[in-house]
Amino acid sequence: MNRTTLSLIAGTVALAAVTGFATLSEPDASGTDTAEAAAVLPVERTGLLCPAPSASDLAETTYTSFTPVTKGAGSDGSAELRAAARDSTGPAAGEDDEKTTEDDKSADETDTDKKTDGKTADGKTADGKTADGKTAGDEKAAAKPVLTPKAPGTPVSAETSGADEPALVGTAEGGFAPGWTVQQTTQVTAGSGRGLLGVTCTAPDTEFWFPGVSTAADRTDYVHLTNPDDSAAVADIELYGKDGAVATTVGEGLTIPAHSSEPILLSTLTGEKQDDLTVHVNVRSGRVGAAVQALDDKLGGDWLAASTDPAGTLVVPGIPKDATAVRLVAFAPGDADADLKVRLASPTGLITPAGQETMHVKGGMTTAVDLGDVTRGEAGSLVLTPTDGSAPVVAAVRVVRGKGDKQESAFIPATGPVGTRASVVGNGAKDTTLSLTAPTGTAKVKVTASTGTGGGTAASRTYTIRQGTTQDVQLPVPAGLKGTYALTVENLTAAPVYSSRTLTATEGGVPGFTVQTLPDDRGTVAVPEADEDLTVVQK
């Protein structure tokens with residue numbers, strides 16, 4: 001008899017530490033939750049995906065990477081971002097060869113589409129093989145890293161320009177993995193979608209919700225799908241409008257080759273022109289990162305990050321206090337309707353916007369309401385809560401700043417709470433606003449400003465956020481700051497805290513801005529300790 005001892009608990013610990021997704025708890029015989037005795041371990045591997053930044057020749061893009069110092073993580077390991085494969089010839093993923101993008105566009109516009117429309121090379125197979133037998137993975141391996149962080153606690157940045165910059169695939173291991181954060185910020189000075197476009201690079205997943213997209217004539221919206229793995233991913237893109245599901249021509253079974261990125265122009269999926277739509281990305285096979293780039297002919301452009309998972313209560317933190325227009329878009333998956341209370345967490349407490357006390361969202365349909373200048377010159381966050389037995393929803397807001405022909409727009413999705421810790425990077429000494437809101441209970445929050453990308457000394461401050469309020473806090477700024485810095489938010493109390501960061505950049509009188517939310521960075525995972533021998537005996 002051969003006796004092979006397999007430590008199942010050790011295997012679970014390793015899996016949880018690598019993925020950062022597993023949190024295990026199992027009650028013992030007495031009913032006591034063993035999670036109370038769980039060990040909290042730093043994750044050992046993290047993956048992030050950044051979409052292709054822009055189709056404009058005028059684009060100036062900055063990538064900034066940061067890993068906060070995590071107890072028990074050590075200083076070994078590495079992190080790097082490399083270019084994903086992208087091809088710009090042939091049909092977009094899921095399109096027929098004969099299908100063009102938009103026949104009525106001008107030659108210049110059509111050329112721009114070809115640069116950004118997620119084309120798959122002729123003859124490329126589902127696993128990314130090209131005519132010469134190479135794979136996207138081979139191209140990826142040969143590419144030099146775009147950005148390589150130096151040490152936890154110190155942000156690094158890299159700049160690039162032009163229209164043909166690719167999506168990036170990133171991996172962090174060891175001491176660089178817990179809480180690794182990458183910001184992609186692009187400034188476009190003219191043309192459709194001009195302004196400041198920012199996105200936090202996301203972890204791969206299998207499902208995403210994007211309320212707030214559009215196929216209207218003045219909008220050009222792309223959903224970017226990036227596959228980090230060695231095999232092809234297959235995804236469905238579903239659209240939902242004011243009357244329910246929107247018929248799509250090529251939205252099912254889209255193939256994203258290995259280590260590559262595909263931007264899909266939403267207007268090529270349907271002939272319907274609607275102002276307010278919800279996109280559902282469902283990945284049948286593999287994993288992808290997903291983000292929507294929304295470009296408006298008059299109101300500039302920005303990235304729309306995915307909403308948090310459907311829930312009865314949602315928080316949209318950090319609406320700029322000088323917002324001139326706010327549009328709330330919500331979608332209720334499934335057949336059940338949702339009835340929501342709409343409240344604003346202001347600096348003095350929760351208030352109800354006049355004339356918008358409630359919002360009714362029909363099951364399977366997208367609903368939008370205009371809230372106007374709801375913040376009225378003060379910090380504010382939207383808090384959506386269900387009435388009796390209301391169905392879960394996803395939500396986001398589109399925010400406009402400025403007036404007349406000097407207007408700029410950005411998006412804020414509903415997000416999860418800060419949790420234990422969250423970081424955001426690419427902050428400047430004068431262009432950054434951090435919003436904190438505590439809808440259900442008073443909270444104490446510590447905010448740490450890292451050293452700068454070019455030098456400086458870290459600083460921190462602690463704030464008390466009263467129940468039901470939002471504060472745009474006065475930030476600690478690193479002494480002797482050179483370059484940009486990272487902000488790390490830590491919730492020191494049990495009451496949930498939600499946060500977002502706004503970056504601003506005025507160009508030609510247009511108030512450019514972009515807003516990123518700060519959900520928990522999932523830098524640690526709780527794993528219960530083994531209290532029994534789990535041995536497999538192999539005969």
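Select S192 to begin: this residue is partly exposed, with a relative accessible area of 41%, because partly exposed covers the range between buried, under 20% relative accessible area, and exposed, over 50% (1.4 Å probe, protein chains only). The model is a predicted one, in which local features need pLDDT of at least 70 and side-chain atom pairs count only at pLDDT 80 or more, while totals for chains, interfaces and linings use all residues. Residues are numbered from 1 along each chain as its sequence is written, and side-chain values use heavy atoms, with hydrogens and water left out.

**First stop: around S192**

Show the loop between β7 (181-188) and β8 (195-200), where S192 is located. Strands (E, at least two residues) and helices (H or I, at least four) are DSSP runs, numbered from the N terminus. Next, display L295, D296 and D297, which S192 touches when residues up to four places away in sequence are not counted; contact means heavy atoms within 4.5 Å. Which side chain makes a polar contact with the side chain of S192? It is that of D297, at 3.2 Å. A polar contact is a pair of N or O atoms within 3.5 Å; within protein, one must be able to donate a hydrogen and the other to accept it, and residues adjacent in sequence count only if both atoms are side-chain atoms. Then select G301: S192 and G301 are 109 residues apart in sequence, yet their C-alpha atoms are 7.5 Å apart in space.

**Second stop: the whole chain**

Zoom out to view the chain, which has 3 helices and 37 strands. Of its 539 residues, 52% count as buried. The chain exposes about 22,500 Å², and carbon and sulfur atoms supply 48% of that area; accessible areas come from the Shrake-Rupley method with a 1.4 Å probe, and for residues only the protein chains shown count as cover. Among contacts between residues at least 6 apart in sequence, 82% join residues at least 24 apart.

Select β2, β6 and β4, which form an open sheet of 3 strands in the order β2-β6-β4, with antiparallel pairing. Two strands pair if DSSP finds at least two bridges between them. The edge strands are β2 (45-50) and β4 (77-83), each of which pairs on one side only. From one strand to the next, the twist averages 10°; axes are lines fitted to C-alpha atoms, for helices over the stretch in contact, and angles run from 0 to 180 degrees between N-to-C directions. Strand β6 (residues 168-174) is joined to β2 by 6 bridges, and the two run antiparallel.

Move to strand β34 (residues 485-491), where 6 of the 7 residues are buried. Strand β27 (residues 421-427) pairs with β34 in the antiparallel sense over 5 bridges. The bridge partner of N427 in β34 is Y485. Strand β29 (residues 443-452) is also antiparallel to β34, with 6 bridges joining them. Here K446 has E490 of β34 as its bridge partner.

Select R421, which is found in strand β27. Is R421 buried or exposed? At 10% relative accessibility, R421 counts as buried. The side chain of R421 makes polar contacts with the side chain of T70 at 3.0 Å and with the side chain of D521 at 2.7 Å. Not counting residues up to four places away in sequence, R421 touches residues including P68, P178, T488, E490 and G523.

Now select S423, also placed in strand β27. S423 is buried, with a relative accessible area of 9%. The side chain of S423 makes a polar contact with the side chain of T488 (2.8 Å). Beyond four places in sequence, F66, P68, T181, L487, T488 and L518 are the residues that S423 touches.

**Last stop: the nonpolar cores**

A nonpolar core is a set of buried Ala, Val, Leu, Ile, Met, Phe, Trp, Tyr and Cys residues joined through side-chain atoms within 4.5 Å. Select L328, M359, L382 and V397, which touch the most other members among the 29 residues of the largest core. Strand β20 (residues 338-346) supplies the largest share of this core, 4 residues. Apart from it lies another core, of 27 residues, among them V246, L254, V281 and V288. Finally, centre the view on V397: leaving aside its neighbours within four places in sequence, V397 is in contact with V316, V326, R327, L328, L382, A410, F411 and I412.
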